[in-house]
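This report describes the sheet and the nonpolar cores of the structure shown below.

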Amino acid sequence: MIPTLNWTGDGVRFLDQTKLPLEETYVLAADYEQVAEAIKTMVVRGAPAIGVSAAYGIALGAKKTKAGTAEEFAPEFEKICARLASTRPTAVNLFWAIDRMKSLLAKLLGSGATLGQIQEKILAEAHAMYEEDIAACKTMGAHGAGLLPEQGGVLTHCNAGALATCGYGTALGVVRAAVERGKRIHVYADETRPFLQGARLTAWELMADGIPTTVICDNMAASLMRAGRIQAVVVGADRIAANGDTANKIGTYNVAILAHAHGIPFYVAAPWSTIDLATATGEAIPIEERPHAEVTHHAGKQLTPNGVGISNPAFDVTPAKYVTAIITERGVLRAPYRESLREMELVAG
Ligand code: MRU
């Protein structure tokens, strides 16, 4: 399995996604500040991977604390959480992981746990999140595989694969599961300007698995759909609001509209940790604005004239009306999403 991130005992080792596909290099984050930087600079990226990385960042902060007691550690814990929470605003998995650690600490402090016990339990919780993430991806794959055609083209945008999770992937997990069942899927990967997650990362990980893949520029999807080469779209998500509106990598909304116009199903695959029932609609989802250099430059080379205006929102919101189904580890949800999401939360919660 692709080693997106792992705990080494001394820190968190990341496969450096800014260097792929040309270099397969690893970086060790030896303290929580370095984990925060790795998230911010997208050495590690993708909503579920960001959440688990933050959990390990907190475990690292706890391990390396200079505090002598649990009470002394409590304010430092808050600082660590605030730093990690400041890295990327859109993926709700980040806040989900931090909140889960906050609840754990409150429980441990309440039960009079020692600092040593707290360090141990926080690390165990991060390991649990890591394992749960892989299991969720596999279950999601099993739920979603049946939705893909026996044979044909599946378009995806960005990278919602093993590299965006602790392994297997969400959207690409669905593709993997379909291929494992003998379906003959050809993936069309949008290159995904400006960070090129599709061209660099989706292409790299699918090739490693021998899944037939063609990279297309983002502006080619409509033409391929019209030519009958795309039978389904499957993408990941960074945050799904209570009404089913879905934030994902910028350009996903374009793909959803194109799929709708061509009568092609548009599926969103995401773990339950991506569902944000506290956010009513997509309007309220914070959208990250990334450095303009990602648009003005490529591989250190300037592409645009000096001084031109630049916009670089990293995500957009696809209205729920364009989403054919949401694939989660709890099952496949259909519209109306406000009802189906709430019902699933009640049943599983
Ligand atoms: O900016 P990124 O690369 O972190 O954006 C990633 C995406 O938009 C993914 O599609 C999403 O996080 C789902 S990953 C399983």
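## Sheet and nonpolar cores

In this predicted model, strands β1 and β2 (residues 12–15) pair in the antiparallel sense over three bridges. Within this pairing, W7 has V12 of β2 as its bridge partner. The open sheet consists of three strands in the order β1-β2-β3, with antiparallel pairing. Its edge strands, β1 (5–7) and β3 (26–29), each pair on one side only. From one strand to the next, the twist averages 20°. Helix α2 (residues 47–63) lies across β1, β2 and β3 and runs at about 25° to β1.

The nonpolar cores are described next. The largest of them has 47 residues, of which L5, F14, I58, F73, L84, M101 and I122 touch the most other members. Strands β1 and β2 each supply at least two residues of this core, as do α1, α2, α3, α4 and α5. The largest share, eleven residues, comes from α2.

| Helix | Residues | Contribution to the core |
|---|---|---|
| α1 | 32–40 | at least two residues |
| α3 | 70–85 | at least two residues |
| α4 | 92–110 | at least two residues |
| α5 | 115–144 | at least two residues |

Leaving aside neighbours within four places in sequence, M101 is in contact with A55, I58, F77, I122, E125, A126 and M129.

Technical notes. Residues are numbered from 1 along each chain as its sequence is written. This is a predicted model: local features need pLDDT of at least 70, side-chain atom pairs count only at pLDDT 80 or more; totals for chains, interfaces and linings use all residues. Side-chain values use heavy atoms; hydrogens and water are left out. Two strands pair if DSSP finds at least two bridges between them. Helices (H or I, at least four residues) and strands (E, at least two) are DSSP runs, numbered from the N terminus. Axes are lines fitted to C-alpha atoms, for helices over the stretch in contact, and angles run from 0 to 180 degrees between N-to-C directions. Contact means heavy atoms within 4.5 Å. A nonpolar core is a set of buried Ala, Val, Leu, Ile, Met, Phe, Trp, Tyr and Cys residues joined through side-chain atoms within 4.5 Å. Buried means under 20% relative accessible area, exposed over 50%, partly exposed in between (1.4 Å probe, protein chains only).
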